[in-house]
Structure formats: structure tokens, C-alpha cells
Amino acid sequence: MSYALTTHRDDCDTQSTQRSSLRTTPGDLLIEIALFLETRLDLLNFCLSSKYVFENVSSVLYETVILQSVDQCRRTLAMLLRRSDIARHVRELIIRPTPKNNPRFTLLDSAAASAWVRRLASSMSLDALVRFTWDSEELPYYEDMWFALRVGCPQLRYIGTSLGSILPRVNNHIFDFRNLQGFSLLLKSGFYENHIDQFLDEDDPVFKRFWDMLIHKCPNLEEIAILGSSSVPTDLHILAEGRWPKLRKLELGDVCIDWFPRSLSPGEKRPFIAFLDAHPNIDSLSLSRHTIQPIHFASLDISSLGLVTSFSGTHQQLQALPHIHRSVTSVAFRDAVETREVAAPTVTGLLRDLPNLTSLKINFTLHSMYDSGNLLRSLIQSCPKLRHLELTCGHKPSFQLDTFAKTIRGFPKLRTLHLTIVKYPGDETLAEGATRIASSNPRLHTFSLTFIPPVYPVPLPFALPYRPFFGFLPFPSCASGLFEVSCDTHGLPLSLKAVEHSKFVWPWKLGVSTHTWRYVKDLRPAGYLARQKTGLRALGSLLFEKSSAGEEIRMLLFCTFLAVLAACGIVANSGGAKAVASAAAASATREAAGSAVSLVDARDAV
């Protein structure tokens with residue numbers, strides 16, 4: 001009893017010592033510690049360790065606030081309105097009132113979200129806000145939200161908005177911003193369906209105000225992003241007329257920039273080529289297949305785009321810019337590489353010309369289960385310095401996770417991985433595959449796995465897991481997991497922290513079921529002292545262990561079962577024999593008694 005009290009007292013003293021040491025730690029040092037934390041969950045737990053830590057580290061926790069639904073907007077923005085001491089740390093605010101799992105847009109959601117933003121901005125609490133993005137299917141319901149942001153946020157320099165089927169009015173407050181450093185326009189499906197030719201009419205008053213704001217009121221733009229996804233692009237050729245000397249980042253979605261209504265004069269360059277020549281400070285370039293044809297890059301000055309380190313586009317566009325290959329460190333191919341049209345060695349040969357590549361995002365569309373072949377080994381040979389890989393192989397099954405985990409050891413510097421594949425028939429689950437990857441590659445800090453369904457037709461029996469044969473059972477649509485590896489001081493894997501999401505589609509359009517669960521898995525060897533179990537748990541784990549010891553214990557248990565079964569049979573048989581003997585003796589006794597009675601009756605008769 002005294003030992004237990006002493007141990008409890010020692011634990012309490014240790015905790016109090018830790019709390020006191022946190023109270024005496026300088027705030028700058030706590031911020032540096034928070035900046036080294038890799039996940040927001042770890043950062044949140046660190047902030048909740050004490051009030052003193054929260055007061056010093058909340059500036060890091062609330063530096064970027066992303067709200068994914070109307071409910072989050074109500075709760076979070078109301079809290080920021082009450083706690084101005086926290087609101088003053090927000091530097092980037094992203095509002096998405098329409099959640100991804102329920103993409104139906106309603107004006108009530110837009111009205112509620114924009115009203116809360118307007119109220120918070122009017123309170124002058126967001127005095128440190130630098131970036132604001134409205135990402136919804138339509139413009140904000142209350143247009144004076146932009147007025148409140150412009151007046152109540154003196155440091156606001158980057159804004160972004162979405163554009164759908166409802167166009168802004170001429171007197172919309174968004175056109176009153178001046179001296180912006182960044183602007184992004186998100187073109188939604190409603191815009192492409194209803195106003196795809198909107199920017200062709202240069203006499204339209206909304207069009208005039210929009211371009212007047214960008215070209216004349218914001219001459220020092222550093223970032224421009226006009227994004228959207230559509231099979232038919234919209235025309236934005238007037239963008240090529242703008243000149244922003246400080247432009248560093250240019251992102252263009254499915255929009256047409258290089259449109260030219262007449263034939264070129266001798267020595268004249270195409271509009272978008274002249275635009276790129278006029279902006280030599282661009283270091284991040286993102287294009288789509290509709291932006292410019294690769295052949296037109298031939299007239300680009302050799303000194304243009306010399307500072308580009310991040311490129312996103314098609315592999316044909318990158319191939320047409322050989323003078324930027326040595327400076328590029330990050331590449332993202334926006335369109336899937338069709339293995340039927342483009343051989344994998346063609347792409348890997350292009351990547352081999354990028355000696356400083358450290359980040360790669362690539363998507364392959366497989367037309368056969370055997371197209372993957374030596375795809376992964378070719379990537380390893382082409383990108384030896386890769387640190388971040390996002391690989392997608394769709395339409396058909398490609399890699400087996402066991403083989404994949406062993407093969408990616410060839411990336412000696414890989415730290416993050418995002419793998420999206422069609423699950424190979426009979427392959428391991430997400431948890432088993434993640435365990436293999438983490439055990440074989442402990443240098444990976446974080447990685448994600450996603451299983452997507454194949455594109456039909458898939459030959460039987462490979463399509464069995466994806467077809468609802470019984471008509472009333474759900475079939476898997478998508479499964480994904482985010483995993484974080486923890487290692488010891490020697491770099492050996494200790495544990496795997498996981499968050500898995502699965503989605504099942506019910507037949508007859510009854511809906512979609514989602515499930516999320518979290519777990520932590522021990523990656524240390526089974527014989528490790530800390531993992532050794534005792535009693536029935538040890539016997540149970542040994543019974544199902546895939547090893548020679550497990551086979552022996554299963555054989556011993558089976559033999560024991562047979563011995564017990566034989567003993568039960570012997571006991572049952574001996575008990576039966578005794579019962580038969582007793583019955584025979586009883587029968588003989590009854591016969592003797594009957595004979596005696598017969599003799600007595602005969603004597604009496606005489």
C-alpha cells in the first residue's frame with residue numbers, strides 16, 4: 001500500500017514538474033516547437049496541454065482556418081467573433097459552405113455563411129487576415145461581404161471567389177478592391193453550362209469592371225489563378241493583354257488564352273507566348289491542355305521561364321520546354337497518361353531529363369492488368385532524388401501491395417507517398433498493405449492508400465468484388481486511409497497511426513454509407529519483449545501466427561482434440577457395456593422369479 005502511494009506521489013510530482021517547465025518555457029520556443037509538428041492533430045494536442053501553451057501557440061493553430069460546411073462556419077466564426085484574441089491570429093480563411101459529401105447547393109447555406117463572414121469582418125477582429133477564398137457553387141449571397149472584408153481587413157491582399165450560373169452585378173463590391181497581390185477565380189460547372197462565352201463580349205459592363213480591376217487597379221499582382229474543369233474551355237484571351245511585372249505564380253484551368261482571330265504577321269509571336277516573355281519572374285506555372293498547344297512553345301525566348309521550379313500541365317507541354325528541365329523540382333501531370341497511346345518509357349525518359357526533381361504527381365490510365373509491368377522500376381531509375389510521390393493507376397488492377405512495398409525501397413529519399421490504385425483481386429486490405437509499406441519503408445513519414453473501383457468491363461472473376469450479385473447488399477465504391485509512421489531513435493518502425501474511410505453504395509439508388517475508424521498498430525517484431533503476451537492472449541496469438549511455431553501449436557491442439565475425443569468414446573463405450581450387463585442381470589432375475597412362481601402355482605394345483 002505504501003509503495004502504491006509512493007508511486008502515485010512520484011507520478012504527480014513528475015506531471016507537476018512538466019507543467020511548471022512548460023509555464024517557464026519562452027513563448028518563442030513554444031512556437032518553434034509547434035512549427036515542427038507535422039499534423040494539425042498533434043498541434044491541437046500540444047495546444048491543449050496547458051492554458052499557457054495555448055495562449056502562445058494559438059497563433060500557429062489558427063493561422064489557416066478552413067471551414068468545410070455551414071455548420072462549421074456558424075460554430076467557428078461565432079467563436080472567433082467572441083474571442084477576438086484568437087481571431088487576430090487568422091491569416092488565411094477559406095469558406096466552403098457546400099460539403100463534399102453533400103454537393104447540393106442551397107441559397108440558405110450561402111446566405112448563412114456569407115452573413116457570418118460579413119459580421120466577423122465588420123467587427124474589425126480579422127486585422128491580420130491576408131488571404132480569403134470563397135469556394136462554393138455560386139457567389140456569396142450577400143455581396144456586401146466583400147465590402148466588409150475590404151474595410152475591416154486592412155492587410156487583405158489575396159482574394160478568391162467562385163463563379164457559377166449567377167453572374168455578379170455591375171456594382172458588386174468585389175470590383176472595388178485595389179492593390180491586390182493575388183487573385184483566384186474558380187469557374188464552376190454552372191458557369192460552363194450557362195455563360196461559357198461570357199468573356200468574349202468585351203463591351204459587357206461586368207466584363208469591363210472585372211478586367212479593369214485586374215489590369216488597372218491591381219498592377220502589382222504576384223499570383224493569378226483562373227481555374228475550372230470542363231471538356232469545352234471558355235475564352236480568356238484578354239488575360240494575355242495584361243502586364244504584371246511582379247507576377248510569380250500563374251495557374252490556368254480549362255480556359256483558352258492563346259486564341260488569335262487573325263493570321264500572324266512575320267516575326268509576330270502568339271499572344272500567350274508574348275505574355276510569358278513579358279513575365280520573366282514566373283516560378284510556378286500551371287497549364288491545361290486547352291491553354292496552349294505544345295508546338296507553339298517553339299517561338300518562346302530561351303531566357304523566358306528560366307526561374308520556373310514548379311510545373312503543372314501535360315507531358316507534351318513539358319517536353320516542349322527543354323530549357324526549364326534543369327530548374328524544375330516539382331512536376332504534376334494534370335491529364336492521365338494513356339498507356340495505350342503513350343508508352344511508359346516515353347514518360348520516364350522525360351522525367352530522366354529532370355535532374356533536380358523532388359516532387360511528382362502522375363496518373364496512369366491502364367488498359368490492361370499487365371500495363372503496369374516495369375512502370376514502378378522505370379520511375380525509380382528516372383527519379384532518384386524523389387521525396388514526394390503521388391501515383392494513380394486507374395481503370396484496371398495494377399500493383400500488388402506486397403510487391404509495391406518492396407519495390408519502392410529504390411526511392412532512397414522518399415518521405416511522403418499518395419497511392420491510388422484499383423485493388424488487385426485477392427490482395428490485402430488497407431491495414432495489411434499499409435503495415436507492409438511502413439515495415440519495409442520506415443523512412444516514410446506519412447503516406448496514404450486509396451482503393452478505387454475499376455472501369456467496366458472487367459473480366460470475371462476479377463470483377464466479383466465490385467458487382468452486387470444479391471441485389472440487396474452494398475458494394476464497395478472507395479476506400480482510403482491516411483497513415484503516419486513513428487520510428488525509434490535508430491530509425492526502426494515502432495507504430496502506425498491510421499485513419500481509414502470507406503464508402504459503400506447501396507443498390508436501387510438507396511444511398512451511400514460511409515464509415516471512419518482510427519487505430520494504432522504496433523510494428524515491432526512479434527518476439528519483441530514489449531510485445532510479448534502472457535496467458536490466454538499469448539496462446540491465442542500463437543495459435544493464429546503464420547510461422548513454424550504456430551503450425552506446431554495448431555498440430556498439438558489438434559492431436560489433443562483427437563485424444564480427448566477418443567477418451568470420450570472409450571468412456572461412453574464402457575458405460576454402455578455396464579448398462580447392458582445390468583440389464584441382462586435384471587432380466588435373469590426376473591426370469592428366475594417367474595420360474596419360482598410357476599412352480600408354486602403347480603404345487604398348489606396338485
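Residues are numbered from 1 along each chain as its sequence is written, and side-chain values use heavy atoms, with hydrogens and water left out. In this predicted model, local features need pLDDT of at least 70 and side-chain atom pairs count only at pLDDT 80 or more, while totals for chains, interfaces and linings use all residues.

A search of the whole structure finds 20 salt bridges, a salt bridge being a side-chain nitrogen of Lys or Arg within 4 Å of a carboxyl oxygen of Asp or Glu. One of these pairs is Asp-283 with Arg-248, whose closest N and O atoms are 3.9 Å apart. This pair links distant parts of the chain, 35 residues apart. Asp-283 is placed in the loop between helix H11 (271-277) and strand S10 (284-286), and Arg-248 in the loop between strand S7 (234-235) and strand S8 (249-252); helices (H or I, at least four residues) and strands (E, at least two) are DSSP runs, numbered from the N terminus. Asp-283 has a relative accessible area of 25% and is partly exposed, and Arg-248 is likewise classed as partly exposed, at 30%. In this classification, buried means under 20% relative accessible area, exposed over 50%, and partly exposed in between (1.4 Å probe, protein chains only). Both residues also belong to a network of salt bridges that links Arg-131, Glu-222, Glu-223, Arg-248 and Asp-283.

A salt bridge also joins Lys-269 to Asp-301, with the closest N and O atoms 2.7 Å apart. Lys-269 lies in the loop between strand S9 (255-256) and H11, and Asp-301 in the loop between S10 and strand S11 (310-313), so the pair ties together parts that are 32 residues apart in sequence. Lys-269 is partly exposed at 27% relative accessible area, and Asp-301 is partly exposed at 35%. For the salt bridge of Glu-251 with Lys-249, the closest N and O atoms are 3.4 Å apart. Glu-251 is partly exposed, with a relative accessible area of 23%, as is Lys-249, with 27%.

Surface patches were defined from residues with over 30% relative accessible area and no salt bridge, like charges being joined within 9 Å and nonpolar side chains (Val, Leu, Ile, Met, Phe, Trp, Tyr) within 5 Å. Accessible areas come from the Shrake-Rupley method with a 1.4 Å probe, and for residues only the protein chains shown count as cover. Met-555, Phe-558, Phe-561, Leu-562 and Leu-565 form a nonpolar patch, with about 520 Å² of accessible area together. Of these residues, Phe-561 is found in helix H18 (residues 548-605).

Arg-326, Lys-385, Arg-387 and Lys-413 form a positive surface patch. Within it, Lys-385 is located in the loop between helix H14 (375-382) and S15 and is partly exposed, at 37% relative accessibility. A patch of negative charge is formed on the surface by Asp-201, Glu-202, Asp-203 and Glu-241. Glu-241 lies in the loop between S7 and S8 and is exposed, with a relative accessible area of 54%.

In helix H2 (residues 27-36), the buried residues include Gly-27, Leu-30 and Ala-34. They cover an arc of only 55° around the axis, which puts them on the same side of H2; the arc is that of the directions from the helix axis to the C-beta atoms. Asp-28 and Phe-36 are exposed on the other side of H2.

Most residues other than glycine have a negative phi. Asn-179, although not a glycine, has a positive phi of about 55°. This residue lies in the loop between strand S4 (158-163) and strand S5 (182-187) and is partly exposed, with a relative accessible area of 49%. His-395 also has a positive phi, near 80°. His-395 occupies the loop between strand S15 (388-394) and helix H15 (401-407) and is partly exposed at 30% relative accessibility.

Thr-429 is placed in the loop between strand S16 (416-422) and helix H16 (430-440), and its relative accessibility of 39% counts as partly exposed. The C-alpha atoms of Thr-429 and Ala-479 are separated by 9.7 Å, the two residues being 50 residues apart along the chain.

Technical notes. Lys, Arg positive; Asp, Glu negative; His and termini not counted. Charge placed at Lys NZ, Arg CZ, Asp CG, Glu CD.
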